[in-house]
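Visitor: I am new to this structure and would like to learn how to read it, one feature after another. Could we begin with the ligand and its surroundings?

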Amino acid sequence: MRICRTSSEMQQACRELKKNTVPERGLGFVPTMGALHAGHLSLIALARAECDVVVASIFVNPRQFAAGEDFAVYPREFEEDCRKLESAGVEILFAPAPDDMYPSGATTFVEVEGIGNRLDGASRPGHFRGVATVVAKLFNIVGPDRAYFGQKDAAQVAVLRAMVRDLNFPVNLVACPTVREEDGLAMSSRNRYLSADERRRALILSRTLEAAQHLVKTEVRGAQVLRDALPEALAADPLLQIDYVAVVDPGTLEPIENIDNGALIAIAAWFGKTRLIDNVVIEPVAQRANPDLSQAPARELSHA
Ligand code: AMP
C-alpha cells in the first residue's frame, strides 16, 4: 500500500491509478478519521467488491470539530490502521497533515444550507461546514467514481448527497449499513471513551431504536407518536442526556408527520462526556419486506 502525505502527490497517484480501471468499476474511495474498526472495514470491503481500485484517507479534520470538542484527544493509531488497510486491499492511503489540507490563507468553505444545520448540524454548529469542505477537497484530490460512507452518520450522508448534487461532483455516493457490536451497540471510534458502566448503559440507544422499528412494523404510522415515545424510553436511564431525538425525512432531515413514505429515526445522547449517535431508516411502506405484521404483538417502547 502506497502512502501519500501531500495533496499534490495524492492527486498524481490517483490519476495514474485510474488509468488501469474500467469505467464501470472505477476508483472507490473511503474517507475516514482513522482509529479503524469493523465499521470502517465494511466500507472498504464493499468498495473492494465493487471497484477496480480502492483508495482510503485518514485525516482528523480540525475544521469539523468545534472549540471544546475532542479534536486533541481523538484516537490516533496510524501504524495499526495502516496494517488493517493494507490487509483489506487498499492500494493508496492519503494521510495528509492539517497544514497540507489547510495552508494559511485557505478561506474557502462549502456550506450546505438548511440540511447542514439540522440534527448534528444543529447540535454542533459548523460541523457539517467542516465535513462538506473536507470531503469536497478530498473528492477533488482523489477523483473517485464511487465514495463510501456509513449510514451510522445518516445526517452526514444527507448533507454529502446534497453537496454532490448541488455542486455536480461526478461521484456516486454509496451509503453502507451500520456495523454493530454483538450486543447491538453501533461501532464508533468514540466508544473507547466510555467507562464500563457507560458502555453497558449505551445499549439503550440500539434497543430503543429496535423497539421503535418494531412499533412501526406493527402499528405506528405517525411520527409524533415516536417523537413522544422515544424520549420516554430513554428516560429509563436517568443519567443519559438526550441531545436530539428526530423522526425526519432521510433526504432533507426535516421533521415529518407520517412515516409511510420512509423515515430516519435518529438519536444523539450523552453518556457522561461522550456523545453517541445511532439511527434506523424506515423504508417507505411499498418497499418494506413485510409491511403487514398487523397480527404480530406490539412491543412497548418503554420496555426497550
Ligand atoms: P469516521 O472515521 O468516524 O469519520 O468514519 C469514517 C466513515 O466510516 C464514515 O463514513 C462513517 O459513517 C463510517 N462508519 C463509522 N462507524 C461505522 C459503523 N459502525 N458502521 C458503518 N460505517 C461506519
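Guide: In this predicted model, a backbone N or O atom of Gly150 lies 2.9 Å from an oxygen atom of the ligand.

Visitor: Which residue has a backbone N or O atom 2.9 Å from a nitrogen atom of the ligand?

Guide: That residue is Met187, whose backbone N or O atom lies at this distance from the ligand nitrogen. Of the 490 Å² of accessible area that the ligand has on its own, the protein covers 92%.

Visitor: How many residues surround the ligand?

Guide: There are 17 residues around the ligand, and the closest are Met33, His40, Asp153, Val179 and Met187.

Visitor: Turning to helix packing, at what angle do α9 and α10 pack?

Guide: Helix α9, residues 203-218, and helix α10, residues 223-234, pack at an angle of about 145 degrees, and their axes are 10 Å apart. The crossing in which α9 passes α10 is right-handed.

Visitor: Which residues of α9 and α10 meet?

Guide: From α9 come Ile204, Leu205, Thr208, Leu209, Ala212 and Val216, which meet Leu226, Leu230, Ala233 and Leu234 of α10. The residues of this contact between α9 and α10 divide into nine nonpolar and one polar, with no charged residue.

Note on methods: Residues are numbered from 1 along each chain as its sequence is written. This is a predicted model: local features need pLDDT of at least 70, side-chain atom pairs count only at pLDDT 80 or more; totals for chains, interfaces and linings use all residues. Side-chain values use heavy atoms; hydrogens and water are left out. A residue is near a molecule or strand if one of its heavy atoms lies within 4 Å of it. A polar contact is a pair of N or O atoms within 3.5 Å; within protein, one must be able to donate a hydrogen and the other to accept it, and residues adjacent in sequence count only if both atoms are side-chain atoms. Accessible areas come from the Shrake-Rupley method with a 1.4 Å probe; for residues, only the protein chains shown count as cover. Axes are lines fitted to C-alpha atoms, for helices over the stretch in contact, and angles run from 0 to 180 degrees between N-to-C directions. Helices (H or I, at least four residues) and strands (E, at least two) are DSSP runs, numbered from the N terminus. A crossing is left-handed if the near helix is turned anticlockwise from the far one by less than a right angle, and right-handed if clockwise. Contact means heavy atoms within 4.5 Å. Ala, Val, Leu, Ile, Met, Phe, Trp, Tyr, Cys and Pro count as nonpolar, Asp, Glu, Lys and Arg as charged, and the others, Gly among them, as polar.
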